[in-house]
Amino acid sequence: MTIQEQMRKGTTTVIILNLLAEADRPMYGYEIIQELETRSQGYFQFKEGLIYPRLHEMERQGWLQAAWQGTEGSRRRKFYTITATGQRRLEEELRGWRAFTQHVNQILGVETSR
């Protein structure tokens, strides 16, 4: 597994929560995948086998709310929105991310402490 794959896997939760918070509208799974790849300018590839299990887990945790849309006999999609609990989790994740990256950058000499 490449370093990019490891980093992508470790940050998938915060990335999805952030996307849904910024979108401020329901999004379905494949749409989430496409938007994440667009935002990374193709640097990261987000496969269904990574995203869908994470979406289901976040729904179980209460961080996302999901609703099926579409009529019988047509394509039905499960749309996800971030919940208030998910928003709080996102804020926690972002605080942790900022601290983590700051300290790694200090170790690497990329950034001085603030």
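Which element gives the largest share of the lining of the second largest pocket?

Analyst: That element is β3, which gives three residues. Some ground rules come first. This is a predicted model, where local features need pLDDT of at least 70 and side-chain atom pairs count only at pLDDT 80 or more, while totals for chains, interfaces and linings use all residues. Residues are numbered from 1 along each chain as its sequence is written, and side-chain values use heavy atoms, with hydrogens and water left out.

Now the pocket. A pocket is an open set of points on a 1 Å grid over the protein atoms alone, where a 1.4 Å probe fits, with protein on both sides within 12 Å along at least five of seven lines. Lining residues have an atom within 4 Å of a point. The volume here is about 190 Å³. A volume is the space filled by probe spheres set on the points, which are joined across faces, edges and corners.

The lining includes Tyr-28, Tyr-52, Trp-68, Arg-77 and Tyr-80. Two or more lining residues come from each of α2 (29-39), α3 (48-61) and β3 (77-82). Helices (H or I, at least four residues) and strands (E, at least two) are DSSP runs, numbered from the N terminus. By class, five lining residues are nonpolar (Ala, Val, Leu, Ile, Met, Phe, Trp, Tyr, Cys, Pro), four are charged (Asp, Glu, Lys, Arg) and two are polar (the others, Gly among them).

Next, the setting of β3. An open sheet of three strands runs in the order β1-β3-β2, with antiparallel pairing. Strands pair if DSSP finds at least two bridges between them. β1 (27-28) and β2 (64-69) are the edges, each with a single partner strand, so one side of each has no neighbour in the sheet.

Two bridges join β1 to β3. Met-27 has Tyr-80 as its bridge partner, and Tyr-28 stands opposite Phe-79. Six bridges join β2 to β3. There, Ala-67 partners Phe-79.

Finally, α3 lies across β2 and β3, at about 55° to β3. Axes are lines fitted to C-alpha atoms, for helices over the stretch in contact (heavy atoms within 4.5 Å), and angles run from 0 to 180 degrees between N-to-C directions.
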